[in-house]
Every structure is written in C-alpha cells, then in structure tokens.
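Let's take a walk through this model together. Have the sequence and the structure open side by side as you read.

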Amino acid sequence: MSAPIGNPQEDFLVLDDVHTHFDMGKDLITRASKGVVKAVDGVSLTVRKGEILGLVGESGCGKSTLSRTIMQLIRPTAGHVWFKGQDLSAMSDAEVRRERINFQMIFQDPYASLNPRMTVLDTLAEAVKTRHPDLKRDALRGRVADLLRTVGLNPTHMKRYPHEFSGGQRQRVAIARALAPEPELIIADEPVSALDVSIQSQILNLLKRLVRELDLTMIFISHDLSVVRYISDRIAVMYLGRIIELGDAEAIVDRPLHIYTKALMSAIPEPDPRTERSRERIVLSGDPPSPLNPPSGCNFWPRSPTPHDERMKHVEPPFEEAAPGHWVAACPFCAPAAPVPQELART
Amino acid sequence: MALLEVDDLTTYFHTRDGVVRAVDGVSFTVDRGETLGIVGESGSGKSVTCYSLLRLIPEPPGRIERGTAMFDGRDLLWLSRSELRKVRGKRISMIFQDPMTSLNPYLRISTQLIEALQTHEDISHRDALKRATAALEEVGIPEASKRVTRYPHEFSGGMRQRVMIAMALITEPDLLIADEPTTALDVTVQAQILEIIKQRQNDLGTAVILVTHDLGVVAGTCDKVLVMYGGREMESGTAEEVFYAPRHPYTRALQKTIPSLQAKGQELYTIPGLPPDVSKPIDRCAFYPRCPYPKTGKPAGERPQLEEITPGHCWAACGYCDSDAPIETVLARADEVVDDALPVEGETPA
C-alpha cells in the first residue's frame with residue numbers, strides 16, 4: 001500500500017508500513033497453526049508537529065494496538081516508527097524507556113489506569129521524577145500543584161486517593177500524569193468514552209486547550225466520529241488494521257470518499273428528530289470481520305452494501321490521494337471514488 | 001387509558017451512608033406501539049426507574065417508597081410474587097445494556113430462549129424450539145436453525161444483543177424495556193440494533209421504553225422523551241417539543257454540550273460542576289447549583305412543581321432562574337471553573 005509517508009529524518013512522527021501481528025501459536029495436539037491476528041497490517045502515516053490527529057474505527061479495527069505500537073509497548077513485527085528522526089522500533093528496551101518520557105499516553109478508564117493505593121501526589125511526583133530525577137520535596141510539590149492547576153483541579157486535593165474523585169476529575173488526574181514528564185506527543189486512547197456527556201465536553205475542551213498552550217502533538221483515538229470531528233485537525237479512519245481514509249477533519253466529515261467512512265458517518269445518530277427520521281442510512285450488514293483471517297483483497301467487501309464483484313476479493317485497493325491531502329483506499333469495485341464535489345473542483 | 005401509567009414513583013436505597021434518593025417522584029405514561037425515551041446522565045435514576053417497574057430492585061437496601069404503576073389496570077408495584085412472575089418476561093420484557101453478562105454462558109441459546117416460552121405457555125419442546133428459531137430469524141441472525149443450539153460465547157457482541165432482543169420478544173410482550181441496549185456496541189452495529197427494535201415494534205405493536213444517555217438515539221427512535229436529573233423529572237414531552245422547544249435549563253444545556261451540534265473550532269459548551277449527590281436531600285431544583293442561567297433569587301426550601309406548557313409538555317418549573325434569558329448570553333460563561341472538588345457542600349439554601 002503506497003502511502004503519504006513524510007521524511008523520517010525531518011517529520012515529527014512517521015509510521016512506515018507498520019505491521020503488528022500476533023501469532024496465535026500452534027494447536028497443542030494437531031500442531032496446526034492457529035493463525036495470525038493481523039491487528040495492524042501495513043499502516044503508513046505522518047503526524048505533524050502540533051496537530052491533533054483523530055484515529056477512528058470500530059472496536060477490533062486495531063486502533064488501540066496501533067497506539068501501543070507507537071508507544072513501543074508492543075513492538076511492531078515489521079515496519080518502522082520514526083519519532084523526531086529516531087527509529088524507535090530499532091531501539092533497545094532500555095533506550096525506548098528513556099525516550100518514552102517524550103511520548104505519553106492517556107487511557108480510557110481512569111478507574112483502572114491510576115494506582116488506587118497511591119495518592120495523587122505520589123502518582124504525579126513519580127511521573128515528574130522521570131524528567132527531573134533530582135527534584136527535592138518542596139520543588140516536587142510545587143510542580144505537582146502546577147500540574148493540578150493546569151488540568152483544572154484544586155492543588156489542595158493532592159493528598160487524596162483516586163477513589164475520592166469523580167470520573168471526570170480522575171480523568172483530569174490521568175491527564176496530569178501524562179503531562180508530568182513534559183512530553184511532546186500525547187496519545188489519548190478513548191479518553192472520554194467512559195464519561196457522561198456533560199463531563200465529556202469539559203475534558204475535550206481541556207485537551208484542546210492543553211495541546212495549544214503546551215505546544216503538544218496529540219493522537220486522539222475514539223470510536224465516536226462526532227467527538228473526533230470536533231477535536232481533530234486531521235482524521236484517519238481505520239478498518240481491519242489498515243487506514244482506509246485520511247484527510248482534514250472537515251473533508252472526512254463533509255466529503256467522505258470511502259463507503260465505510262460514509263456508513264460510519266451515517267450511523268451516528270443526530271440529536272434532531274426531523275433529520276433523523278428523514279435521513280438515508282447506509283446500514284452495513286454484519287459485524288466487523290475478525291482480524292484473524294481477514295478477507296482477502298479489499299478487506300471491506302463482505303460488508304459492502306454495493307453488489308459484490310468477484311474481482312474485489314483479489315485486488316488490494318491502492319491508497320491514493322483523491323484530493324490534495326485527502327487519501328483514500330479506493331476499491332474500484334465496492335467504493336467507486338466519489339466524484340469531486342463542485343466546491344472542491346473550483347478551488 | 002394508556003398501557004402503562006406511572007405516577008409519583010419513588011425508590012430509595014437505605015445504605016449505611018444515608019438514604020440515596022435514586023428515583024424521586026417520577027411520572028410518565030406509555031401507550032401501545034409508542035416509544036418513550038428516558039434520557040439522563042449516569043446516576044440520574046433512569047435505570048432504577050425501569051428496574052422498579054419490574055421490581056428488580058435489590059430489597060433491602062432498596063425500597064419502593066410510594067407511587068403507582070398501573071399496567072393494564074393493575075398496579076405493578078403491589079403485585080404478589082406469583083402474579084409478578086406472570087408479568088415479567090411475558091407481558092413486560094427487558095433488554096439490558098451488556099449482552100455479555102446478561103446471557104448465561106453455560107446454557108445454549110436455545111435453552112435460554114425456550115425457558116421464557118415454557119414458563120408462560122403450555123408448549124411442547126419441539127414447538128418451542130421452532131418458535132426460538134423463528135425468533136432468531138426475525139432479528140436477522142443468519143443460519144438461525146444451526147446457531148440456535150450454540151453457546152453465547154460463539155456470538156459477537158452485536159449478535160448477542162440480537163439474541164437478547166429475540167429472547168425479550170419471543171413471548172410477544174406488550175411492553176419492552178430496553179436499558180441502554182446499544183451503549184456497549186459500535187455505531188454501525190447500534191444502527192442495526194435500533195432498526196431491528198423499530199421493526200419488531202411495528203410488527204407486534206409493542207410499547208417500548210428506551211433508556212439512554214445519547215440524545216441522538218432518542219431523536220431517531222422515540223415519540224416521547226422524559227429527561228431525568230438527580231432522580232427527578234426535569235422535562236417531558238414529545239420528541240419534537242423537547243428537541244425544538246426545550247424549556248428546562250438542563251435540557252437546553254445538555255443539548256448544547258453535544259459535540260456534533262457545535263461549530264468546529266469553537267469551544268465546546270460545558271455544564272460546570274458535577275451531577276448532584278442524591279444521598280443528600282435536595283429541597284430545590286436539582287440542577288440549581290449548575291444552572292448557567294442568571295439567578296433571580298434564592299431558592300426556597302421546596303422542590304419545583306411540574307408545570308404544563310402545552311398539553312403533554314411538562315417541565316419542573318424552578319422559578320429561581322431567568323430561564324427566558326437568550327441561550328447565547330448564558331453560554332457566554334463557558335468553561336472556566338473546574339474546581340468542583342467533591343460534592344458541593346456548604347451550599348445551604350437560604
């Protein structure tokens with residue numbers, strides 16, 4: 001799959017044909033291979049400094065595995081991850097650990113990602129020390145207080161334990177923990193899906209403000225396109241371990257090209273009874289197929305609402321630039337590239 | 001008379017840390033073939049409302065304090081155990097949020113589907129199995145006759161939720177209560193499941209109570225909406241009324257927080273503060289501490305009464321905020337605070 005790869009030496013974060021496969025091992029008795037789960041199957045991507053890249057897809061599409069591969073928590077089985085000109089995938093574990101203070105992660109469930117037996121102060125102080133190991137008690141506290149203020153919490157609460165905070169506040173603590181080592185890249189894996197709508201918007205605003213003020217770069221992973229649309233500069237749509245569409249957030253939302261993106265867009269319920277009752281839905285049949293024997297060729301064909309064409313099972317669609325900066329894996333059989341909209345054609 | 005008329009339903013949990021007023025005087029009606037959406041954030045009492053109707057509240061600590069729920073002329077809240085068993089699963093069925101935990105992993109799908117039939121109807125095993133297979137076909141499970149004898153783990157999440165729907169509808173109930181039926185599912189699968197519920201509702205004329213936190217889901221499927229907050233009704237009416245002419249500050253604020261309704265690049269509107277702590281008595285509008293509207297006075301020590309704006313469109317009229325103020329000026333004071341610390345304490349009403 002050809003793809004929009006930048007220059008690994010210059011660009012901020014470059015993924016070059018990254019594969020993360022999990023070998024399921026052999027059957028105990030028959031010794032037959034149980035197969036290989038192709039969680040990430042050839043992803044090439046460039047993340048620019050200072051942008052928020054949204055990564056959307058259904059559960060099981062490999063978006064979390066991809067984020068963990070970037071973090072090098074799972075090593076890729078093939079391909080390279082270049083971070084500021086360094087090939088992370090070629091580094092030793094110890095080197096990666098040193099480098100990791102520059103890229104941090106926020107997880108979905110703040111109930112599970114904070115140690116319940118450590119106070120907020122302990123948790124954050126430990127994270128601060130990865131960057132400033134020599135910081136002494138008072139300075140450390142001052143830094144933790146600053147962090148709490150940055151994420152909108154009261155520094156007087158630093159002696160509290162995670163259970164003494166509400167879900168939204170706990171997610172703020174998790175964000176503060178990610179910020180503590182002063183990273184340049186933050187990967188947020190479904191950071192708001194466990195939260196209520198009214199709290200969700202607080203966290204989204206906070207993340208957006210932090211990226212701007214602290215000059216961060218963020219990869220924002222979610223299954224909720226409406227949230228991703230709001231926060232992201234660019235959006236990458238993932239399906240079965242591959243990126244099938246990539247472009248500016250507006251372009252992806254307003255002029256989706258791949259039929260899967262269109263279906264995903266049309267499945268989001270709009271909070272408006274009239275449009276909701278009159279709109280045309282592209283309802284996909286079935287569930288996302290399993291990444292342990294993914295369909296051949298254009299991997300979307302089993303769910304495509306268009307008539308099946310035998311050829312699409314054999315031809316892997318190329319990843320092409322359909323409009324400037326708007327890439328799509330256009331399968332000529334199931335997702336005929338949409339005609340370029342009028343307003344684009346003119347510019 | 002409506003199929004279900006709930007009046008002043010009140011369910012408290014008497015815990016060691018005090019009385020949790022999970023549902024505090026909620027009233028609504030559902031007609032045959034109609035869909036009522038109950039919307040609210042977590043802790044707003046929407047699930048407990050549904051559980052109370054079928055008396056699935058763990059007692060103790062829970063207790064239905066007062067109220068009536070007239071279902072076809074009989075009060076569900078005061079049925080005897082044996083009468084209740086005849087209603088549950090036969091005339092009123094329920095679908096739960098998590099299809100992974102609400103199916104028994106040790107039993108075949110067929111056993112679980114047939115159980116409801118054989119409990120309520122005098123039917124032979126062979127006929128029941130036929131009905132079970134047909135029920136699976138109706139919810140769109142391919143190769144139903146083969147898959148009916150499989151175990152739950154052999155189905156995907158979306159398929160399992162279909163099985164749950166088939167199971168709930170196999171006895172052709174009058175009322176289906178769906179508690180967040182699509183929250184655990186992907187959007188594409190959610191669209192399929194909602195479509196199936198709608199279709200089966202049309203076929204059978206079932207009334208549906210759909211509990212959800214997603215206003216989008218409500219807009220697409222519900223005829224009537226009940227907005228809950230802090231265990232109380234904030235607003236109720238037809239979907240059109242609640243979406244296009246919301247009256248209660250909470251309903252308006254909730255609509256404003258949805259990302260898809262916001263212009264890109266703008267700061268998202270947020271409701272400051274935290275949901276109320278229902279373990280303390282709230283003797284005023286439950287939303288008052290977070291209400292973004294200009295305050296016009298100190299709330300007196302009583303909760304707002306429901307007021308009818310147009311027939312069927314009600315709101316809990318607080319009277320201590322200027323809820324006629326244009327929404328734009330209200331929204332100007334967006335996200336600044338956040339130091340909401342823990343439960344809002346010390347704020348005692350005058």
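In chain B, strand β10 (residues 232-238) and strand β12 (residues 313-317) run antiparallel and are joined by 2 bridges. Strands here, like helices, are DSSP runs numbered from the N terminus, with at least two residues (E) for a strand and at least four (H or I) for a helix. Two strands count as paired if DSSP finds at least two bridges between them. At this pairing, B:Ser236 stands opposite B:Cys314 in β12(B).

Before going further, a word on what you are looking at. This is a predicted model, in which local features need pLDDT of at least 70 and side-chain atom pairs count only at pLDDT 80 or more, while totals for chains, interfaces and linings use all residues. Residues are numbered from 1 along each chain as its sequence is written, and chains are lettered from A and ligands numbered from 1 in the order in which they are written.

Now step back to the whole sheet. In chain B, 8 strands make an open, mixed sheet in the order β6-β7-β8-β3-β9-β10-β12-β11. Its edge strands, β6 (92-95) and β11 (305-310) of chain B, each pair on one side only. From one strand to the next, the twist averages 20°. As a reminder, strands of a sheet pair through backbone hydrogen bonds, either parallel or antiparallel.

Next, find two helices of chain B, α3 (residues 109-120) and α4 (residues 125-138). Their axes come within 9 Å and cross at roughly 115°; axes are lines fitted to C-alpha atoms, for helices over the stretch in contact, and angles run from 0 to 180 degrees between N-to-C directions. Among the residues that meet here are B:Leu113 and B:Leu117 in α3(B), and B:Leu129 and B:Ala132 in α4(B). Contact means that C-beta atoms, placed from the backbone, lie within 7 Å. The residues of this contact divide into 7 nonpolar, 2 polar and 1 charged. Here Ala, Val, Leu, Ile, Met, Phe, Trp, Tyr, Cys and Pro count as nonpolar, Asp, Glu, Lys and Arg as charged, and the others, Gly among them, as polar.

Finally, where do the chains meet? The contact takes 43 residues from chain B and 34 residues from chain A. On the chain B side, α7(B) gives the most, with 7 residues. That side of chain B divides into 20 nonpolar, 14 polar and 9 charged residues.

Terms used: Contact = placed C-beta atoms within 7 Å.
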